[in-house]
Amino acid sequence: CVPQVLSSVDEVVEVYRELSQRPGLRTACLGPDVTTQYGGKYCSLYTEWSQRDLARAENVKFCRQYLIFHDGASVVYSGPAGTCSEIKDKLLSQESPSKALKAILRKVPSREKKEEKQFLEVWDQNCKVKSVDLTALDKHGSVYDDDHFGCLAWTHSETHLLYVAEKKRPKAESFFQSKAPELVSSNEDVGCPEKVDVPLKVGSPRPGAGRIRWGGCEADGVVPQGEQFVYYEDWGEALSKRSVPVLCVMDIEDSSIVVLEGIPEHLSPGQAFWSPDDTGVVFVGWWSEPFHLGLQHCTNRRSALFYMDLTSGACEQLSENNTAVWSPRLSPDHCRIVYLENDVFGPHQQCSRLCMYDWYTKQTSTVLAAVPRQTSGAFPGIYCSALPGLCWAADSRRLVLDTVQRSQQDVFVVDTVTSATTSLTADAPQGSWSVLTIDRDILVARFSTPSCPHTLVKCCPLPSAPQPLSGLALTLLPIQKVAILPSAGLEAQLQWICLQDTSPVPGISWGIHTLKPPPEQEHPQYGGLDFDAILLRPSKDTTSQKHPLVVMPHGKNLPSPRVPCCTPSLAGQYHTLFPFTGGPHSVFTAGWMLYPAALCRVGFAVLLVNYRGSLGFGQDSVASLPGNVGTQDVRDVQLCVEWVLQEESLDTRRVALVGGSHGGFLACHLLGQFPDTYHACVVRNPVVNIASMVATTDIPDWCLTETGLPYTPHTLLDPAQWTEMLHKSPIHYIDQVRAPVLLMLGEDDRRVPPQQGLEYYRALKARGVPTRLLLYPGNGHALAGVEAEADGFMNMVLWLVKHLRC
């Protein structure tokens, strides 16, 4: 009895339309407590969501607001306040410390509609009180709104705003440009005043603090020649418009803009905030020399924490010299800064360390070290793209973070003094939890599973152990829930209570399975490692029906798409369709992913494999893979496929591969190494030839590190190294490939340039293998454009239906 797989285009379109329109929660922000005339308290919860609009071919943002009433011991009532409303053209936003003001960076089309202008606005509780045209002021280039560099930070005195923008480039002209003699005279003649010290008053207690210098024109006022076509290095995939970032400050009172000088030229600043006394700026600085490497999803780039004193102009390094740091967060009492730290080079994603810098003693300590092996019941280590924008508890001692724990994601409380960790989701439903914010100990998180997108919940105290109100915990669940975060030492008593019912997607069942490699496939140095797989399958059919199987090895999927303290633009990146970007050190978590869920609804079983080298299984697992790509990861996936075909009621004659980036690398390897197992394949921006990729990618270090070769910026490959790269590449097995292959490539991919897919396409065509190639303009490595991902899903399903004869 063969189960029915949807093959009608209209039916598949309807499945995708239904699931793709499920909104996803992006950010949450809690308002101040308000006391009613009857003595009760409530606060507002502002949330921002994203939803695909297929008709407009774009992601739309909208906001929802909720009210949370509590009596000091428990939540009395919580519910929505009003209807949703769409958010237009907002790039960044940030509330002031008192929550009386809100800053918004907004893009506005110019009247000529030739380019977008950027405005920095300030709102109070009643109206817009300030609107500054940053484009017209022409002090800098575009303001950064990305997750990596971007920030929008208030001084504690709420008088100034700090942000990051592209440095203003000098105008250049041809050697043969005609010009009037009078234009080449003095600074005054060309409208560029001499540089002068300009006081920047930021509420500093020290006299004369904050005097800095303006950026400006060339010293002699001459427009340079021969500079029109100078190459400016950018920061690679998804950051192609980021080249030379500068820190900028706006004075709220007079709307003036200052570009901070004094940061060493070899550093690119970002993720900045004000020092405790408002007399300086703390920021992360990435080394720009000797050249830029791609930063997106690469937490191994040399960087450090810096402090720039606006009084003296001195720039001081606060963290270690040869490490990679990011995500600094200042404690509520302004005494400590925590941040994440990795080793430089090596795997792009690793088990991170949590470090803490004491502002007054100037001492740095490691709160949580890397974890070699993940063990049941113990803290698994830190695997996340960033700390929550607000992560500190009100006691300025504990903080809350989420991390991958094998194939799910959990929330932990960390005591920064004792380094003790406690899970807040140990007894909660299995799935993917991530923290959005914690404010006055009100904890907001989101939750999803492979069969349920994001929804919202709250918490209440345990009846058996009531505690004083030290925090509310709100999260996103298939069924919305409520809980109170207990006092220090009692965190394990937290219990999630239902708030609002939300139905999961019907027709999908799933489970997590653990496998161990056979003795002959054990790593000689890191033996005893195991790995997981998540299996999704249609849940309505009887066991006698055998579903076709789609095998998906992961690329790079950072488990918790994170934003800085401010709210950046969504840019479509957070709607998880499938982790197609990068790898291999990533992980599938048991959360919502559009492509696997939609494939399951169409009628396919889907196998998501977390082979050895994935995150969440300990640093030893990560370290086991470099030098063994194309063998260890391939064998793990094949072992998992053979096991699931034996243990589950699936059709062995209808097995296909789908993968992107390193997942595409593995799919192409499996096609060549095990040609009898697979009958169709769909790959998106796959790595097919490491040797030819190394000279064109924004991450050349990846090519050497994962091949098992040493990397330094001055590395020049010898013939033996080129040969090693080629032998570890899927193209090495091209003559054994028989299954039809559909390739999907992003025309603007900087990570795995489209020439990789074109090379594979031509090799397959020359060998008579049925092949089709789709090239998506305006899309990078993730193929995250709404139109591209929708078209990609339809073509994927139709290709599988055709070649698996469903």
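Student: How many aromatic pairs does a search of the whole structure find?

Tutor: The model is a predicted one, in which local features need pLDDT of at least 70 and side-chain atom pairs count only at pLDDT 80 or more, while totals for chains, interfaces and linings use all residues. Residues are numbered from 1 along each chain as its sequence is written, and side-chain values use heavy atoms, with hydrogens and water left out.

A search of the whole structure finds 14 aromatic pairs, where rings of Phe, Tyr and Trp (its six-membered ring) pair if their centres lie within 6.5 Å, and where planes under 30 degrees apart count as stacked, over 60 as edge-to-face and the rest as tilted. One of them joins Tyr 144 to Phe 149 in an edge-to-face arrangement, with 5.6 Å from centre to centre and 65 degrees between the planes. Tyr 144 is buried, at a relative accessible area of 0%, and Phe 149 is buried too, also at 0%; buried here means under 20% relative accessible area, exposed means over 50%, and partly exposed lies in between (1.4 Å probe, protein chains only). Tyr 144 and Phe 149 also belong, with Trp 235 and Trp 286, to one aromatic cluster.

Another edge-to-face pair is formed by Phe 379 and Phe 412, whose centres are 5.0 Å apart and whose planes stand at 90 degrees. This pair links distant parts of the chain, since Phe 379 sits in the loop between β24 (364-368) and β25 (398-405) and Phe 412 in strand β26 (residues 408-415), 33 residues apart; helices (H or I, at least four residues) and strands (E, at least two) are DSSP runs, numbered from the N terminus. Both Phe 379 and Phe 412 are buried.

Some rings also have a charged side chain over the face, which is counted if NZ of Lys or CZ of Arg is within 6 Å of the ring centre and within 35 degrees of the ring normal. Arg 64 lies in this way over Trp 49, at 4.2 Å from the ring centre, and Lys 362 lies over the face of Trp 359, at 4.8 Å from the ring centre.

Tyr 232, finally, is found in the loop between β14 (211-213) and β15 (245-251), and Tyr 232 is partly exposed, with a relative accessible area of 31%.
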